[in-house]
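Me: I'd like to go through this model with you and ask what stands behind each label. Could you set the values against the definitions as we go?

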Amino acid sequence: MSPTGAACAFCRIVTGETTAHVVLQTEHTVAFLDIRPVFKGHTLLIPRRHIATLPDLPPDLAVPFLTSTQALAAAMPAALGAQGSFVAVNNVVSQSVPHLHAHVVPRTKGDGLRGFFWPRTKYADDAEAAGYAARLRSALAAREAPAAHEAPERKV
C-alpha cells in the first residue's frame, strides 16, 4: 500500500487485485512483464512494500532488490536467447508509476536500441568535470554515505 493508504498500480499487483504476468516472487520483491515492453520479455521488478524511488529504498531491502535484479538479468539469455540485458531505474522523472521499479530488458546485438535513450554531452574541460565531481562528493558527505566522500578523485 502507498503511504496515503491508496493502492498504486504496482501495489495492486502485489496484492493480487490486478493481474500481471509474474515471473519472479520473493519475500521482498515481485517481477512481472511490462505491458508496453521495449522488447518482449521486458520485466519490471518492484519491492512488495510501497517505496517511491531508489533513494527511498531502506538498507534492509537493498540487497534483496539487487539480488532479484541480478537473477532477472542472468535469466534473460537462457530464457529468451538474449545476449545480455539492460537494467534501468528512473527516479521521479520518466517514472510512470510512482513505485520503485527496475526495468530489466533483454538485449541482443543489432536489436536497434542504441546506447542510452538521451543525447550525450561533454564537459567543457577537466576543471568543469572536477567541479561536478566535487559537488557530488559534497552532497554524498552531507548524507553521510559511508566513505563515498573520502574517495580520492580519479579518472576512470
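Me: Where is arginine 107 found?
Reply: Arginine 107 is found in strand β5. Here a strand is a DSSP run of E with at least two residues, a helix is a run of H or I with at least four, and both are numbered from the N terminus. One caution before we go on: this is a predicted model, where local features need pLDDT of at least 70, side-chain atom pairs count only at pLDDT 80 or more, and totals for chains, interfaces and linings use all residues. Residues are numbered from 1 along each chain as its sequence is written, and side-chain values use heavy atoms, with hydrogens and water left out.

Me: Why is the pair of aspartate 111 and arginine 107 called a salt bridge?
Reply: The term asks for a side-chain nitrogen of Lys or Arg within 4 Å of a carboxyl oxygen of Asp or Glu. The closest N and O atoms of aspartate 111 and arginine 107 are 2.6 Å apart, so the pair meets the definition. The side chains of arginine 107 and aspartate 111 are also joined by a polar contact of 2.6 Å. That label needs N or O atoms within 3.5 Å; within protein, one must be able to donate a hydrogen and the other to accept it, and residues adjacent in sequence count only if both atoms are side-chain atoms.

Me: How many salt bridges does a search of the whole structure find?
Reply: The search finds two. Aspartate 60 forms one with arginine 49, with the closest N and O atoms 3.6 Å apart. This pair links distant parts of the chain, eleven residues apart: aspartate 60 belongs to helix α2, and arginine 49 to the loop between β3 and α2.

Me: What makes arginine 49 partly exposed?
Reply: Its relative accessible area is 45%. Buried means under 20%, exposed means over 50%, and partly exposed lies in between (1.4 Å probe, protein chains only), so 45% falls in the middle class.

Me: And how do you know that lysine 40 is exposed?
Reply: Lysine 40 has a relative accessible area of 78%, and therefore passes the cut-off for exposed. Lysine 40 is found in the loop between β2 and β3. Leaving out residues up to four places away in sequence, lysine 40 touches Leu80 and Pro106, where contact means heavy atoms within 4.5 Å.

Me: Is threonine 29 buried or exposed?
Reply: Threonine 29 is buried, because its relative accessible area is 1%. This residue lies in strand β2. The side chain of threonine 29 makes polar contacts with the side chains of threonine 26 (2.7 Å) and serine 68 (2.8 Å).

Me: Why does leucine 113 count as buried?
Reply: Leucine 113 has 15% relative accessibility, so it counts as buried. Leucine 113 is found in the loop between β5 and α3 (126-142). Beyond its neighbours within four places in sequence, leucine 113 is in contact with Val38, Phe39 and Arg107.

Me: What is the reach of helix α2 from its first C-alpha to its last?
Reply: Helix α2 (residues 59-80) has 22 residues and reaches 32 Å, close to the 32 Å expected at 1.5 Å a residue. The expected span is 1.5 Å times one less than the number of residues. A kink of about 25° lies at alanine 74, shortly before proline 77; the bend at a residue is the angle between axes fitted to the seven residues ending there and the seven starting there. Just after α2, glycine 81 takes a positive phi of about 70°.

Me: Which residues of α2 are buried?
Reply: They are Leu61, Pro64, Phe65, Ser68, Thr69, Leu72 and Met76. These pack against β1 (22-25), β2 (29-33), β3 (43-47), β4 (84-89) and β5 (102-107).

Me: What makes a set of residues a nonpolar core?
Reply: The residues must be buried Ala, Val, Leu, Ile, Met, Phe, Trp, Tyr or Cys, joined through side-chain atoms within 4.5 Å. The largest such core has twelve residues, including Ala31, Leu45, Phe65, Leu72 and Val104. The elements that give two or more residues to this core are α2 and β5, and the largest share, four residues, comes from α2. A second, separate core of nine residues includes Cys8, Phe10, Cys11 and Phe32. In soluble globular proteins, nonpolar side chains tend to be buried together.
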